[in-house]
Every structure is written in C-alpha cells, then in structure tokens.
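Visitor: I would like to understand the words used for this structure and how each one is decided. Could you take me through them slowly?

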Number of protein chains: 2
Amino acid sequence: MPVDQPWEIPLVAVAVDLAILTVRSGRLEILLVRRGIEPYLGSLALPGGFLASPEEDLDAAAARELTEETGLAAKGLHLEQLGAYGAPDRDPRGRVVTVCYLALMPDLPLPVAGGDARSAEWVPVQRVLRRRAGVAFDHAKIIKDAVERARSKLEYTTLATAFCSPEFSVSELRRVYEIVWGQPIDPRNFHRKVTSIEDFLVPTGKYTTRDGGRPAALYRRGSATLLHPAILRNGTGRRQLARLRQAR
Amino acid sequence: MPVDQPWEIPLVAVAVDLAILTVRSGRLEILLVRRGIEPYLGSLALPGGFLASPEEDLDAAAARELTEETGLAAKGLHLEQLGAYGAPDRDPRGRVVTVCYLALMPDLPLPVAGGDARSAEWVPVQRVLRRRAGVAFDHAKIIKDAVERARSKLEYTTLATAFCSPEFSVSELRRVYEIVWGQPIDPRNFHRKVTSIEDFLVPTGKYTTRDGGRPAALYRRGSATLLHPAILRNGTGRRQLARLRQAR
DNA sequence: CCAAAAGTGTTATTAATACACCCATGC
DNA sequence: GCATGGGTGTATTAATAACACTTTTGG
C-alpha cells in the first residue's frame, strides 16, 4: 500500500483475461481467440482486454469480457478470480499486469457474434498442456493454473454442476468428473455418493433416456456449495499412492 | 490481453501488499503498520508498497517488501499470492490495484529496524475480524481472505509447519492447528495421525521438555507438501453438522 | 430376445472419533 | 509422591471401494 512518495510511482497497464472452460465432445476445452494484431499475431490467446476505463472494477471487467466473448450474460455462470500475472517481460510492448479469471460453463451453442468476438474457438486443454498448441504470452501457464484450480475445486465444492446444463442426470455429472480429472469413476458408488449429499442435487421428477438404457432421473443444482465429505480424486489418496509404489 | 487500441489504455498504480501471519502468544496474529501519511493517517494497514520500478516482478516485490518489513530473508518463508484487489474506489488518491501476498512465519523476534520498518506491530486477527481494530482501505477484507486461505490450507497441505520453528514437537504443531482453526483437537488422535503421514514429520532424535511433562520428540518438516488423507477441521464434516443440527 | 445404462445391496477395508490407559519428566 | 503433558491401544462408527445383482428402457 501507498506509503510515501506520491511521485515516481510506476504506472502499468492492467488487463483482465478469461480462462473459460467447458466440457465438450468428451474433453475439457478452453475458449481461445486467434490474435489479429502484434505481438503474437495469429497465435491463440486467452480472451481479455485492458480495463475499459480508469473507473472499471476488475470483477466488472471480467464479467464484461465474458459477455463480449460468449454473448452470454455473466450472471448465472461461475466466475472467480484466478490470480494476477505480472512478470515484467510477459508482454513485449511493455509492462502489463493481467488479472485472470476462471469461468466454467456448460456446453452451450455460443452465439459467437458479439462485438469483440473475433475468431473464438474451443481448444482441448490437453493440446495446450502438452504444448501441441502454442499460445501467446504466458497464457500456457495461466491455462495450466486454471485447469488445476478447476480440478481441485471439483473435489470439495459443487462446482462440477457449473459444467452441466440446468437439468442433468447423475451420469452426466459423473462424466464431468471423469473428463476433468481424466480418470474413470465407479458409476455405482458415484451415484450413491452424490445422491446422498444433502442439497447437492434436487430431483426434478423428470427422466431422460438421452444416454440410452434405463431412464435416468434428472436433477437441478441444489443450494449446497461445499461438499462434505469431499469427492476425492483417485491417485491422490494414500491407498492409491501405496498401490502405485507397489506397482513400481 | 491487449487486443486493439494501443492508446487510451488506462494506466494504474500497482501495489503489492503483504498479509504476514504468525502464531504468537496463543493467537493468530498479523503484522500491520501504523500509517504515517494520508490517507488513513494513523490507521493500521498491511505492509506493502508500490512497485519499486516498472521492471520489478510482482513476486520479487513481495519478497522485497517481506524483507524490508521483517528483516528476514524471504527465502525459507512461505509466500504465496492471495489475489488482486482492484475496486476503483479502494484508494481515495486514485486507481490502485494491489496484488496481495500471504506469508506465514514462526514466532520470531523481528529485528524490526530495516529501512522501511516504521511502527510495525503484531495484531491479533480476531481484533481485525471482529472490527475491534479499524484498518485502512479494504484491508479488513484482505485480512479475512488471508486468514481463510491459511485455515483451509492447513487442512490439505503441510503448511502448518510454516508456523513452527525449525524443530518442533507434535503438540506444538497441534497448537498451531488449534489456534488457527480456533477449536480444540484431541491430542492423542492428532499425534497418531500426523506421525503416520509419510514424509510429513522427520524425527530429529532429540527431545524437549519445554512444554512440561514427559519429554516430547522433536521433528523437522518433511518433504511432503500435500496431506493425504487431509486433516479436517471439525465443524465442517457431516457428522459435526448433524450434531449441530440436533443441538439446535 | 439382447445391449446398455440406471440404480440397489453387500462386503471388506480404511479412516475418524472417543476415550481408557500407561510413560517419563519436573517439582 | 503428584501434576503435567507425551504417547499407545482399542472399540465404535463412518466413509471408500469393489463388485454382484436387479431394473427399465431402445432396438
């Protein structure tokens, strides 16, 4: 915080970037835009931009960008701050500190036509994480952080439902977990677990057969936000670690 | 991220603030400084300051401030980014975005003499959270976030050891949990749990009687950073909730 | 009929909790 | 001796995991 010298304070440009994740065609994907100007012309980058005015709030800027990029009202979508990225050399044009936000959304048909929506496209995060898709600036690191944040929040919050449409079946919810975590989950134990957590899922009374087989009950998000007990990823528990150790 | 107009980009002042927590005299306390200038002259505030130069990295600025305020090398202390705070009206002097960092340290005698170290003092966080101590700017909110971050990280990481001196007993570690979480923990179950987690605590072979009673084995931090299974706070689990519900 | 997915029951193992009890020191 | 805290044992209960089995649809 400000202490003395109200002069010689370096001023920097502040940008707000968005890591918008969705589960689509069986994969975790992120919305990236093709850059139309230098630097990194033609590269993929996170959608975002500088503050629109010196008075714009960071959260408001993130919500504005989200609407601009997806055409959707930010209201109803999950949007949380991921962190600030401010390495001095991260932008060749000069000092830019970016505050990045994480957004989660279901697989919606994007009316990608809004003012700023240039060539936005969904890119599988694996392509970015495995360096198959080069992304501009330090965005690969940001995307890595965003994915890890999403992965860990599925464990102890009800956020997985943010990837689902308003009405979803237990197996659709399970597929979200499986895709985000990249590992299979026992359908039977999962069903029991999520339906027994209070206020996590509220039955709509409706059923669907869109996944084939016996009709599945449809649920809406409940009011719970924290999961107790948590739904833990395999591979991080002690038992799993011991198993891995044994298997060499 | 930068899209078009390389002009008319609002420039803002970027500050780096520190929420330095420690466990001291049986309480969780935070290092605050008494402001010597307007605004909020005379109020308590988080230590911090503007970037020293347009080239300074955010993490480096946080480490520099930490050293300036505590006289301690940032190396060895836990320092992580908490988030960016950028409400447009948070500083009456104009637009300031602050990137806040969380630092945890043991109860060390601070050689508070370093250049910038004005009147730094340890303040019990309860005094701030309960609005007994007015703090400048939006720092009450930042402190609230810092404490909540610390509390939740004790659950699933080995961070509690950051509050302990290099060699500590199990009960000293337990006291950290009890103080940060504000609730008693069964000493016997705690002992068993922490000593059974691999690479959490490494025995030094030494013993101490500084807490009275039978000599306690001294440990150093192990290499583990994540706890599996986690050490869960009471009051958040299902059983506890059910109990509370029953008790009305 | 069969395939496929939904959902229930059962059992074994692991972890959390509560608490009885013994141990090793200072005084 | 006694008080104090360190540390182990054990029984109960809850959560996890593995998997057999039944249900209900589409074709």
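Guide: Let us begin with burial: a residue is buried when its relative accessible area is under 20%, exposed when that area is over 50%, and partly exposed in between, using a 1.4 Å probe and the protein chains only. By that rule, both A:Tyr177 and A:Trp181 are buried. Please keep in mind that this is a predicted model, in which local features need pLDDT of at least 70 and side-chain atom pairs count only at pLDDT 80 or more, while totals for chains, interfaces and linings use all residues. Residues are numbered from 1 along each chain as its sequence is written, chains are lettered from A and ligands numbered from 1 in the order in which they are written, and side-chain values use heavy atoms, with hydrogens and water left out.

Visitor: Why is the pair of A:Tyr177 and A:Trp181 called edge-to-face?

Guide: Rings of Phe, Tyr and Trp (its six-membered ring) pair if their centres lie within 6.5 Å, and planes under 30 degrees apart count as stacked, over 60 as edge-to-face and the rest as tilted. The ring centres of A:Tyr177 and A:Trp181 are 5.0 Å apart and their planes stand at 70 degrees, so this pair is edge-to-face. Ring pairs also link A:Tyr177 and A:Trp181 with A:Phe190 into a cluster.

Visitor: What makes A:Tyr40 partly exposed, and what makes A:Phe137 buried?

Guide: A:Tyr40 has 34% relative accessibility, which lies between the two limits, and therefore counts as partly exposed. A:Phe137 has a relative accessible area of 10%, which is under 20%, so this residue is buried.

Visitor: How do you know which residues surround DNA strand C?

Guide: A residue is near a strand if one of its heavy atoms lies within 4 Å of it. There are 27 residues around DNA strand C, and A:Ser171, A:Arg192, A:Asp211, B:Arg188 and B:Asn189 are the closest. This surface divides into 6 nonpolar, 7 polar and 14 charged residues, where Asp, Glu, Lys and Arg count as charged, Ala, Val, Leu, Ile, Met, Phe, Trp, Tyr, Cys and Pro as nonpolar, and the others, Gly among them, as polar.

Visitor: What makes the approach of A:Ser171 to a phosphate oxygen of DNA strand C a polar contact?

Guide: A polar contact is a pair of N or O atoms within 3.5 Å; within protein, one must be able to donate a hydrogen and the other to accept it, and residues adjacent in sequence count only if both atoms are side-chain atoms. A polar side-chain atom of A:Ser171 lies 2.4 Å from that phosphate oxygen, so the pair falls within the limit.
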